Amino acid sequence: MPYIVQKVIGFILLSATVGLVSLQVLFHLS
Amino acid sequence: MTKATRYDPENQILNTVKTGIKGTLLFLMPLPVLIGAVIHLLKGNVFSSLTAGALFAGFMIAAVIARHGFKLESRFKQKKLAKAPGMPFKSLAATLLAITTGLTAFLLSDYGLLASILIGFVALLGFYMAYGVDPRRDKTGNISLGVSADEVFQALEAAEIKIATIEKARKSIRNIEFDQHLKRIIEKARAILAMIEDDPKDLNRARKFLKVYLDGTARVTESYAKTHGKDATTEVLDTSFQEVLDSIESTFDEQREKLLQNDQLDLDVKIEVLKTQLKHL
C-alpha cells in the first residue's frame, strides 16, 4: 500500500474513533 | 524564586528539533471530552465530571508522549549515524490512546464492552497507520573495523552535548564579535562531527579534538558567559577570551584539514593497491 494512502486511512481511522467518541460525549449530554 | 533552569543538555538538543504540526490532531480531537467534563460539573454530576476529566488527561498524556516520540524519531532520521530510541514512545502513546478511547466509549458514550474494545483497537491501528512505528534498528552507516558502533554513538552524543553547552553560553554572551566568533566555531565543530559520521574511522584521529579541545571550549565559554552575566568582565579578560577563541578556531581548522588529508592518504593507498593489482593482472 502506498505510504500516503496508508497515512490517509490512518488519519480517517483515528478521527472516526477518537474524534467521534469524544464528540459523542457531548451529544450524550444533550 | 530563582531563574535557574535545570542543566539538561540532552533535552536542550531535543528542544531544538522541529516537528511542525505533527501530533496536533491528538491534542485537538479530545477537546469535546473536556467540554463534557465542564458541562457535567455544571449539572452537578461530580462523578461523571471527574471521569471525563481523567479521560481527557489520559488523552493529553498520550499526545505529549507521542510528541516526544516524534521528536526522537525526527532527530534519528536527521542523523546519518544514530542509536534507535531506547523507549518506544510512539507505541506507548498509541497504547494509552487506544485504552483511553475505549474507556471513553464505554464509560461516557454508552457503547457496549465489545464495541468499546473494538473502537480501542481501531484507534491503535489508526495511530500506527498515520504515524508509523518507532525506529528500532540502530543506524550504523559504514562503521567499520577499528571502532565499535557504541563507541561512535557515545563519542558523537557527548560531542553534541558539548556543542549544545557552547551554544547555550553563546546565547547568553551579549557581544556581537564573540557571538559571531562562537557561531563560526560551532559550525566548524559540527562540520568535523559530520566528517566523523561520514567516515567513523576518523573517530580515532579526532579523539583528541573531541575530548580535549571541544571540552576545553565548552568550559572556557561557559565560565566566560557566567562572568559576563555578572557584568564582571574586564578588558583584559575580553582580550584573553578573544585570543582563546582565535586559537580554538585555528585548532578546529587544523583538525578538519588533518581529517581531509588523512582521507587523501587513504585514497592514495587505495590507488596504490589498485595499481599493484592492475600490474598483476
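Helix axes are lines fitted to C-alpha atoms over the stretch in contact, and angles run from 0 to 180 degrees between N-to-C directions. By that convention, helix H3 (residues 31-43) of chain B and helix H4 (residues 46-78) of chain B pack at an angle of about 160°, with their axes 8 Å apart. The model is predicted: local features need pLDDT of at least 70, side-chain atom pairs count only at pLDDT 80 or more, and totals for chains, interfaces and linings use all residues. Residues are numbered from 1 along each chain as its sequence is written, while chains are lettered from A and ligands numbered from 1 in the order in which they are written.

**The two chains**

- Chain A has one helix and zero strands; helices (H or I, at least four residues) and strands (E, at least two) are DSSP runs numbered from the N terminus.
- Chain B has 10 helices and zero strands.
- Of the 30 residues in chain A, 23% are buried, meaning that 20 or more other C-beta atoms lie within 10 Å of the residue's own, against 12 or fewer for exposed and in between for partly exposed, with C-beta atoms placed from the backbone.
- In chain B, 31% of the 281 residues are buried.
- Among contacts in chain B with a separation of 6 or more, 74% are between residues 24 or more positions apart; two residues are in contact if their C-beta atoms, placed from the backbone, lie within 7 Å.

**Contact between chains A and B**

- Chain A contributes 19 residues to the contact and chain B contributes 23 residues.
- The side of chain A that touches chain B has 10 nonpolar, eight polar and one charged residues; Ala, Val, Leu, Ile, Met, Phe, Trp, Tyr, Cys and Pro count as nonpolar, Asp, Glu, Lys and Arg as charged, and the others, Gly among them, as polar.
- The axes of H1(A) and H3(B) cross at roughly 25° and come within 7 Å.
- H1(A) is therefore roughly parallel to H3(B), as angles under 35 degrees count as roughly parallel, over 145 as roughly antiparallel, 65 to 115 as roughly perpendicular and the rest as oblique.
- H1(A) supplies Ser22(A), Leu23(A), Val25(A), Leu26(A) and Leu29(A) to this contact, and H3(B) supplies Pro32(B), Val33(B), Ile35(B), Gly36(B) and Ile39(B).
- Those residues divide into eight nonpolar, two polar and no charged.

**H3 against H4 in chain B**

- H3(B) and H4(B) are roughly antiparallel to each other.
- Residues making the contact include Val33(B), Leu34(B) and Gly36(B) of H3(B), with Ala52(B), Leu55(B) and Phe59(B) among those of H4(B).
- By class, the contact has eight nonpolar, five polar and no charged residues.

**Helix H5 of chain B**

- H5(B) (residues 89-108) has 20 residues and reaches 27 Å from its first C-alpha to its last, close to the 28 Å expected at 1.5 Å a residue; the expected span is 1.5 Å times one less than the number of residues.
- Its buried residues include Phe89(B), Lys90(B), Thr101(B) and Leu108(B).
- The cover over the buried residues of H5(B) includes helix H1 (3-29) of chain A, together with H3, H4 and helix H6 (113-131) of chain B.

**Lys83(B)**

- Lys83(B) is in the loop between H4 and H5 of chain B.
- With 19 other C-beta atoms within 10 Å, Lys83(B) is partly exposed.
- Leaving aside neighbours within four places in sequence, Lys83(B) is in contact with Asp138(B) and Phe153(B).
- The C-alpha atoms of Lys83(B) and Phe153(B) are separated by 6.7 Å, though the two are 70 residues apart along the chain.
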